[in-house]
Amino acid sequence: MPSVSSREPIATETVVVAPPAPVRRRSATWVRIVLIVIGAAAILSFPTIAPNPYILSAGVVILNYAVLSTGWNFMGGFTGYISLGHAAYFGLGAYGTGLLIKYLALPGFVAWIVATVLVAIVAIPIGIAALRVRGASFVIVSIAFVLIMLLVFQSWRDVTGGSEGLNVPRPFPDMLRPEHHRVFFYLFVLVLAFALATWWIIDRSKFGTALKSIREDEDKAQSLGVPTTRYKLIAYILSAFFVALGGGLYALWFGDLDPIFQFSILIGSYMVLMALLGGVRNLFGPLLGAVVVGIALEYFKLEFGDTQFHLIATGILLGVVVLFMPDGIIPAVSSLFRRKSDQASIREVTAGELLEQNEARKAAGSAPQRKADAETEETSS
Amino acid sequence: MNASTATLENLSTEAMTKSFGGVTAVDAATVTFQEGKVNGLIGPNGSGKTTFFNCVTGMIRPDSGEVRYRGQSITRKSPDRVARAGIGRSFQLCRVFPRMTVMENLLVAVRNTSIRRQLRSAHDPDELERARGWLRRVGIDHLEHAEARNLSYGQQKLLELAGVLMGEPDTIMLDEPAGGVNPALIGRIATLVRELNEEGKTFIIVEHNMEMVMSLCDHVVVFDRGRPIAEGAPEIIQQDARVLEAYLGV
């Protein structure tokens with residue numbers, strides 16, 4: 001029998017030589033820690049610094065967006081399934097909280113937790129149905145879902161109050177407005193920290209690697225044993241849970257719900273825009289995006305008043321992001337820093353270096369090879 | 001080599017059929033692959049080899065028929081369950097996760113779906129060591145930190161193979177392992193297949209490179225128009241009149 005192995009591989013096809021390990025890793029870790037500490041300090045001191053209650057309430061709105069966008073990123077970031085209808089879970093969380101208070105007379109914060117858990121349960125059958133399709137079809141299904149919810153909550157007047165809105169009693173009736181904003185600001189910080197910590201744990205876990213492989217190539221991931229259907233559903237439920245958590249807290253804070261706002265495609269689009277802007281592959285991407293877009297939205301509204309111009313401005317922002325920073329701000333900025341340092345991510349090698357490396361690899365590789373051969377000989381004899 | 005000393009049955013199908021619209025890609029195919037051997041699956045273009053692969057691994061649902069693996073039915077099981085049952089596969093046009101590093105590509109393979117295991121860090125030291133072992137084995141360990149999309153096609157092929165091996169499959173199905181790669185690399189892949197086979201892994205290989213098939217395979221099944229028309233040792237297959245007719249149309 002002719003042997004193919006007689007054609008020994010000529011080690012000349014080394015095209016790409018990656019650095020053996022990121023050398024600057026330790027300093028990068030320090031930079032990251034320092035940035036996180038500064039960011040956390042800035043957020044926590046904001047209520048004290050904020051010059052007036054209006055700015056403080058804008059801060060609450062931005063944090064709310066950060067929670068929603070980070071929640072959305074459990075699905076969009078890990079698995080790459082873009083839902084434009086996640087406002088449905090924002091609305092369900094908010095209305096769930098309001099209705100439980102109104103009809104079951106539950107205390108505000110109990111209603112909030114119960115409603116969030118209920119929404120997560122509702123997300124199971126919806127997820128099973130929606131996740132049967134991929135790509136553009138999934139986007140359309142997600143939009144259909146939020147529109148159906150909008151119609152239901154608008155038309156079901158007897159229960160939801162329809163377009164007249166639903167009044168949610170304040171959990172702290174005696175509290176003055178600025179104090180109320182301050183308390184809710186910190187509550188949103190807590191929820192955001194909870195969402196970020198969960199995202200971080202998944203990001204570094206085996207489960208997270210499996211979710212990311214679904215984003216890259218779902219069929220391939222499945223062929224490697226990843227139970228894609230189940231894992232996507234878990235990500236979807238987690239995503240719905242955190243968005244509902246943000247929605248419920250919003251209801252307790254704002255106190256007045258209107259279907260047209262709670263179930264608007266616009267809110268869902270903001271979640272996507274913020275996550276894309278900051279970077280969906282990064283823990284803090286959605287938060288950063290929420291801060292940038294949130295401030296921009298408030299500014300546009302102040303500048304252009306109650307016109308629809310802020311929508312055009314937001315659209316332009318989205319266009320700029322997609323054109324110039326398709327991976328978001330965080331990757332764009334960090335690659336800028338990496339380019340400044342002399343270490344390229346993949347460095348080019350000269351023919352001489354290549355030869356040396358191949359020699360070294362051959363020398364290193366032949367020893368264990370011989371050992372392996374000896375072992376197989378032993379077992380076969 | 002004697003084909004009549006047929007050993008244990010590894011993977012088999014019984015009257016498996018799959019049609020797309022009016023085209024019957026796999027037509028009541030009854031095939032048996034042998035445990036511990038390097039099995040070849042050859043046939044002219046469009047003879048249904050890849051569809052057969054996809055049906056067996058659950059990527060496509062066969063319209064009718066049975067698929068058995070080591071005596072147990074795996075008909076209509078989802079691809080991930082087939083994979084966790086011990087069947088790894090590569091794809092015809094080499095599929096890796098382009099925006100993940102070489103190491104991350106290897107850490108995807110799932111064997112154990114328990115929650116405790118899944119919530120552990122992906123960069124578990126034992127797993128990293130095992131992954132490095134496979135990377136060394138296929139010869140791309142120096143690329144551990146490179147993004148998969150920056151690899152050459154040949155390197156991606158090796159990466160895909162390492163990724164499949166990371167799931168520790170007992171049976172490995174390769175769809176055209178030599179397709180589009182240079183002769184030196186074909187040699188390396190062939191050597192690897194032979195070594196892994198000696199270590200006890202069963203192979204089922206779809207391949208057009210006849211030199212590779214004839215030198216590597218213990219047992220060859222020939223497909224034409226969605227069904228097997230001949231099988232046996234490579235030397236015998238080469239002389240089979242039906243095979244020559246299917247290939248040359250004489």
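A residue is called buried if 20 or more other C-beta atoms lie within 10 Å of its own, exposed if 12 or fewer do, and partly exposed in between, with C-beta atoms placed from the backbone. The model is predicted, and local features need pLDDT of at least 70, side-chain atom pairs count only at pLDDT 80 or more, and totals for chains, interfaces and linings use all residues. Residues are numbered from 1 along each chain as its sequence is written, and chains are lettered from A in the order in which they are written.

**View 1. Strand S9 of chain B is covered on both faces.** Strands (E, at least two residues) and helices (H or I, at least four) are DSSP runs, numbered from the N terminus. In S9(B), residues 219–224, six of the six residues are buried; His219(B), Val221(B) and Phe223(B) lie on one side, and Val220(B), Val222(B) and Asp224(B) on the other.

**View 2. S9(B) pairs with S3(B) and with S10(B).** Two strands pair if DSSP finds at least two bridges between them. Four bridges join S9(B) to the parallel strand S3(B), residues 38–42, where Asn39(B) stands opposite His219(B). Five bridges link S9(B) in the antiparallel sense to S10(B), residues 227–232, and Val220(B) stands opposite Gly232(B) there.

**View 3. Helices H3 and H10 of chain A pack against each other.** Their axes, lines fitted to C-alpha atoms over the stretch in contact, are 7 Å apart and meet at an angle of about 50°, on a scale from 0 to 180 degrees between N-to-C directions. The two helices are therefore oblique to each other, since angles under 35 degrees count as roughly parallel, over 145 as roughly antiparallel, 65 to 115 as roughly perpendicular and the rest as oblique.
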